[in-house]
Amino acid sequence: MSLFRKKKRNVKKPQLLIPSKAAEEKGDTPTSSSLMVKIKEVKELLGNNEDLQIKQIKIFGQFPAASVCLSSLINQDVLNQDILKPLMYVPEHIKGKEKPINELINLIVTETVYHSQAKVGENMDQLIELMLRGESVIFIDGIKESIHIDTRKIEKRSIAQPETEQVILGPREGFIESILTNIALLRYRLPTPEFQVKTMKIGRLTKSTVAICYLKGIANETVIEEVEKRLSEINIDAILDVGYLEQFIEDNPFSPFPQTQSTERPDKTVANLLEGRVAILVDGSPFSLLVPVVFNQFYQTTEDYSSRFLMGSFVRLARILALVFSLIFPSLYVSLISFNPELLPTEFAVAVAGGRAGVPYPAVIEVLIIEVAMEILREATVRLPKQVGGALSIVGVLVIGQAAVEAGLSSPITVVVIALTTIGSFATPTYTAAFALRMLRFPIMILAGIFGLYGVMIGVIFIFNHMLSLKSFGVPYMAPVSPEDSQGMKDVVIRSPLWWMPKRPQFLRSSNNDRLGLNDNKVLEHNKVGNDQREDAANGGSKGDYNNSSDDDLN
Amino acid sequence: MGDPKEITTIQATTILISTIIGVGVLPLPLFAVRAGETSAPFVTLTGIFLAAVGLFILAYLGMRHPQKTIITYSQDIIGKWLGRIFSIFVIAFFLILTSLAAREFGAVVVTGVLRETPLEVTVIVMLLLASISCRNNINVFSYIHNFYVPMILAPVLIVVAFSLKNANLLYLRPIFLGNDLRGMAAGMLTVSALFQGSFIITMIIPSMKSPKKALKASFWGILISGGLYLLIVIATVAIFGPEEIKQIFWPTLELARTTAVPGNILQRLDIIFLAVWVLAVFTTLFSSYYFTIHSLKELFQLKDHKMLSYFILPFVFFLAMLPQNILHMYEIIQYIGRAGLLITIMYPAFLLIIDFLRSWRRGENVAKQT
């Protein structure tokens, strides 16, 4: 074998010009001073492209130069008005001034071009990369350095309401694909120096900008470091969405449960940053990735917090019920029907038996058939064009359901059970978590078919044990419940009033826990309003704001 | 010991509660009534006291050696080899305890719910569940216990609360001395044998955040689990009366059967009770299984216990299949339980005395030298 390999290695491959490699080879050598050589070099690398735009000009009417850019990426107006015009048409204030060639660059950058992002670069490798990112480069004959100016203009859609997480009460903005806009959406909600954005480039070909956002002094430092470490170890050709990152940084990739949360909502992201989490944004993806997560946040929505606490708690209880439904309802049905019909009230048991009279299969097979049909239907509805979707899904559900019952394929109660389950799984606000439970429904159903209620319990215990053993960036997955955390518990089953939760949840090990400030209210002294409503208003509370230094006596 | 010490006092308490409350609850009233007739609650109470003494001794020992479990500190106290020999006894006892718990539960399931399923299948499923869960570290172990405790306590309390309307207080008299003392003493031993799971405290103490609070945790642990046991005995005796209980294998299950939920949502409660009871049995089994492999790991000074988890599965299963029928099984359980008290109470007491003597002598030596 080794002999063969050696031979193979000696065979010379035909040389293929790969632009990025060629550029890299040229990397360290500065560009030559001759304009023609520089243009030739660029043409060698990018000449095949229709949108390569090379415009030869004479700066101030005397120095030959060229502006080079990819016309598809840039804003032509900016290039014409702010760059080419002042270069070709000598501005008033430097008319008649002596313009020596060795100070030309300086003169152009500081006095001529009306653009804040004008910089000087030298290496061809770097210049090409900048060009590919939408900058215009100005080569000047006789000067090694070149000027590059950010003239990028990329079409982006406008900010719209998030499709996957809609709320009745609360902000309507959603992230879009452009990372700069997304960071702006966060920054405008957090005008504080604590809000930090670190960026890095991931992806050998896509060179996607990845931003790690957190609140310094609130997010746990070790978590931030861990996020950076895990991200920096990714080496892949393309990152097209945060989903790619998620799969690289999660703790247990084989678990059905999501260990990061992705959201389209800037307000949700900010709320999570404020709890001490870290958000990861990727250029080109309208989702932010939040870590570390715990299970209970998958059934929480921002709406819970923006509505009054009774409303929020009630809705949350309903959601938890839906979650439980979507996991075990069909298997409970199977085990009651086929193992312990004596548990049901007699009249109902008779009705069920009557409905099942014509069905040839055991309950578990029947439920599985309908479940699989439902899954297919659901997947199909997502793919269908909008115009057909609504009509077809109604046809699918109603007609197929009715027909299945009449054909003796399933009993009416099975259809009811499956419908409840499906609706239940849609009530879970997080798509990924709902998906996990949807998948786990099947093994439990099979267990229920074999062992009845005992099987359901075994399945549920197994799932819970797995969830209890999961960790997301060092935080136990079931955190406020077990290991117990009294602050966090106030926000699990019900959504306690905001003034009951003066501290951030402890399980995120935030370095600053104070949420509410101690704020005596003067206006309505007879009435307890605002922060005064909380139980230990007299002794608790934070000093100052989120600031860690704790000695500033703002109150 | 790579795991951080994160077990809180509450977690230690909940571990104790969920470990103690196990399959033993089902036949408990029968054991108590056989020994004490109408004074079954009194027998239970004395049994709880005996178990509490054993638990406190263990907790105290653990606090004196906060970095070690009984497997390791026994080697310090009575010498390497003697300590190891006793440790083997302890491990073997817990191996048997695990298998008996699995078997007992399997028997309940097979007679109560799944009449056509072979006993072996129900037992192996339960054991598999425990052995897979045992592959986690001790922190996850405590999270699991902590999570399930409310779900273990709730069904018992609900059943007791709903059934009390049929209670007849006359069944509970005479409170003391319903039977001869010998019988009551034997019953006391049997009842306190049901608390043997509390031995797990010795494994937890080294991983506790503050081992000083082990005594507090064990106090609350025994108070809550003991209170629940006492409640069950009082409720069953007050409802069925001693004579009837003697005819029933699992009086607690019978108690659940007689209770009806208002509104007739479900016709029978006993099956739901049993289903939720799977949790209680699982946590007990999980504890003794975990204790067995954790101790084996410490005895052989291995780095990791994960491998052992599957390794001892066949042994446990084999032991679980040894009893020929339910009667035989309960004979063995009572016998093993009482013999086990030697290991779970006498052995720690013996260790504690020697430990005291040693530290006293050391103190004297120091005094002499100065």
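In this predicted model, chains A and B meet: 23 residues of chain A are in contact with 26 residues of chain B. Helix 18 of chain A, residues 453-469, gives the most to the side of chain A that touches chain B. Its share is 10 residues. By type, that side of chain A divides into 16 nonpolar, five polar and two charged residues.

Chain A also holds an open sheet. Five strands form this sheet, in the order 1-2-4-5-3. The pairing is antiparallel. Strand 1 (52-59) and strand 3 (118-121) of chain A are the edge strands, and each pairs on one side only. From one strand to the next, the twist averages 25°.

Strands of a sheet pair through backbone hydrogen bonds, either parallel or antiparallel. Take strand 4 (residues 135-140) and strand 5 (residues 146-150) of chain A: four bridges join them, and they run antiparallel. E135(A) has D150(A), in strand 5 of chain A, as its bridge partner.

Two helices of chain A lie across strands of the sheet. Helix 3 lies across strand 1, strand 2 (63-70) and strand 4 of chain A. Helix 6 lies across strand 2, strand 3, strand 4 and strand 5 of chain A. The table gives the angle of each helix to one strand.

| Helix (chain A) | Residues | Strand (chain A) | Angle |
|---|---|---|---|
| Helix 3 | 35-46 | strand 2 | about 15° |
| Helix 6 | 124-132 | strand 4 | about 140° |

Methods
Residues numbered from 1 in each chain as written. Chains lettered and ligands numbered in written order. Predicted model: local features only at pLDDT ≥ 70, side-chain atom pairs only at ≥ 80, totals over all residues. Pairing = 2+ DSSP bridges. Axes fitted to C-alpha atoms, helices over the stretch in contact; angles between N-to-C directions. Contact = placed C-beta atoms within 7 Å. Nonpolar A, V, L, I, M, F, W, Y, C, P; charged D, E, K, R; others polar.
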